Amino acid sequence: MQQITPVTNAEREKLMDVLRGFAILGIFIANLHFMSMYNERELTGAYYSRYDDTMKFLQAMFIEGKFYSVFSLLFGWGIAMQIQRLQQKGIDGIGLVKRRLWVMLLLGFMHLILLWTGDIVAFYAMLGFLLLPFRKMSNKKLLIWAVALILSPIVLYALKMNILWLNAPAFILFETGNKVRHFFTPATVISDGPPHFIISTWIDLWKENLAGIFGRYGYLFFVSRISKVLGMFLVGYMLGRNNYYKTILANKSLLLKIALGGLIIGLPANYMLAQYMKDEGPYFNLQTDGLYYTIVYALGVAPLAMCYAATIALLYQTGIKKLLMVLQPVGKMAFTNYIMHSLIGVLVFQEIGLGLGGQFGPVAWTIFALCIFAGQIILSHIWLHFFNYGPIEWLWRSMTYKKWQPMVKKKELKTEPEL
């Protein structure tokens with residue numbers, strides 16, 4: 001029986017790591033809106049700026065949805081490459097990919113419960129199983145399905161406006177979360193305000209997160225995140241299969257058309273999205289403006305994400321490559337750095353740490369994210385000078401292959417492409 005081993009470091013697609021590093025920075029900035037406990041109705045924090053409204057608008061326009069879309073593209077791309085590599089060795093890679101997804105799901109739920117309910121790892125793992133049935137489709141069919149899925153939230157939202165029972169999955173999850181929260185975490189009433197849940201210990205945090213799981217997945221159902229992410233998975237899978245991405249990367253004219261097309265379509269749509277995001281009440285109340293919000297999101301987010309990816313791919317083939325390669329170690333350790341964001345968020349913003357929740361406005365949390373990310377660039381470079389993998393990546397691989405992977409770097413070792 002042929003032994004299954006990771007591929008060599010020399011086979012890694014460094015551009016994917018660069019894109020992944022770029023993506024987790026944007027995801028971190030977007031997540032800090034919630035992680036920092038920002039409340040625009042109570043702007044009493046120490047670190048607010050008169051430019052906060054402008055920064056919030058710019059983040060809605062250029063960050064909201066775009067970076068998880070790039071990450072989703074890379075996820076599908078990575079799965080395609082892994083399956084292809086194993087098939088070239090005469091091995092059915094589906095079993096290994098499924099085992100990798102199961103481990104990813106476990107690690108994702110650990111992250112969700114122990115640190116932060118905004119986790120995307122478990123969600124991506126579950127959708128990874130939904131991706132696999134599409135793998136035998138032609139590129140044309142994959143593209144049709146991808147476009148249909150990315151645009152489907154428009155139809156779904158219109159239906160939910162008129163057929164309320166279609167919202168049942170989200171509302172049941174929201175209600176279940178409230179019941180679990182009430183059971184685990186008694187509310188403390190402060191003055192005449194609403195109930196406030198004090199998180200002063202790690203146990204309090206874990207209880208809140210157990211309740212928060214339901215709210216998190218209720219939100220993902222409500223915003224139709226399943227179809228948005230799966231659609232980008234399919235685009236990525238199409239790129240990764242049969243090394244099709246190499247053909248794309250070699251065609252600079254096509255990359256330029258993708259970048260310009262994504263900008264021309266995405267920029268005005270995302271400008272409108274940012275306008276609608278100033279007040280999201282109509283969206284969550286299933287009103288007409290919420291439908292317009294959904295339309296511009298569907299038309300704008302994916303094209304601008306493709307613009308970002310194509311632009312970096314073009315720059316990667318120029319003299320700017322050396323500058324972009326600074327991001328490569330961060331992307332190679334993307335899972336570790338992503339978990340680190342959550343740990344830092346807990347320690348900085350929750351009462352069990354510095355208790356700075358609600359103190360940061362959009363300008364402050366953006367500067368904070370850039371500083372943390374700069375530190376991660378340095379740490380990732382140092383870490384990978386001595387070790388083959390980030391700590392979480394090492395655990396993920398070891399559990400997938402059911403064998404401890406060599407951690408200390410001694411020579412060029414075999415590693416598999418990131419998903």
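**Close-up views of a predicted model**

**View 1. Where H4 packs on H8.** On the H4 side, Phe 109, Leu 112, Ile 113 and Leu 114 meet Trp 202, Leu 205, Trp 206, Asn 209, Leu 210, Ile 213 and Tyr 217 of H8; contact here means heavy atoms within 4.5 Å. Sorted by class, the contact of H4 with H8 has ten nonpolar, one polar and no charged residues. For that sorting, Ala, Val, Leu, Ile, Met, Phe, Trp, Tyr, Cys and Pro count as nonpolar, Asp, Glu, Lys and Arg as charged, and the others, Gly among them, as polar. The axes of helix H4 (residues 94-114) and H8 come within 7 Å and cross at roughly 120°. That makes H4 oblique to H8. On this scale, angles under 35 degrees are roughly parallel, over 145 roughly antiparallel, 65 to 115 roughly perpendicular, and the rest oblique. Axes are lines fitted to C-alpha atoms, for helices over the stretch in contact, with angles running from 0 to 180 degrees between N-to-C directions. Helices themselves are DSSP runs (H or I, at least four residues), numbered from the N terminus.

A quick word on the model: it is predicted, local features need pLDDT of at least 70, and side-chain atom pairs count only at pLDDT 80 or more, while totals for chains, interfaces and linings use all residues. Residues are numbered from 1 along each chain as its sequence is written, and side-chain values use heavy atoms, with hydrogens and water left out.

View 2. Glu 208 and Arg 181 join their side chains in a salt bridge (3.0 Å, N to O). Glu 208 sits in helix H8 and Arg 181 in helix H7 (residues 168-184), so the pair ties together parts that are 27 residues apart in sequence. Both Glu 208 and Arg 181 are buried, meaning under 20% relative accessible area; exposed is over 50%, and partly exposed is in between (1.4 Å probe, protein chains only). A search of the whole structure turns up two salt bridges, each being a side-chain nitrogen of Lys or Arg within 4 Å of a carboxyl oxygen of Asp or Glu.

**View 3. Tyr 124 and the largest nonpolar core.** Leaving aside residues up to four places away in sequence, Tyr 124 touches Tyr 68, Phe 71, Ser 72, Phe 75, Met 104, Val 229 and Phe 233. The largest nonpolar core has 117 residues, and those with the most contacts inside it are Leu 32, Ile 79, Met 104, Tyr 124, Phe 233 and Phe 368. Helix H13 (residues 288-316) gives the most to this core, with 16 residues. A nonpolar core is a set of buried Ala, Val, Leu, Ile, Met, Phe, Trp, Tyr and Cys residues joined through side-chain atoms within 4.5 Å.

**View 4. Two loop residues with positive phi.** Ser 224 isn't a glycine, yet has a positive phi of about 60°. This serine lies in the loop between helix H8 (202-222) and helix H9 (225-240), and is buried at 8% relative accessibility. Asn 243, also not a glycine, has a positive phi of about 55° and lies in the loop between H9 and helix H10 (244-250). Asn 243 is partly exposed, with a relative accessible area of 25%.
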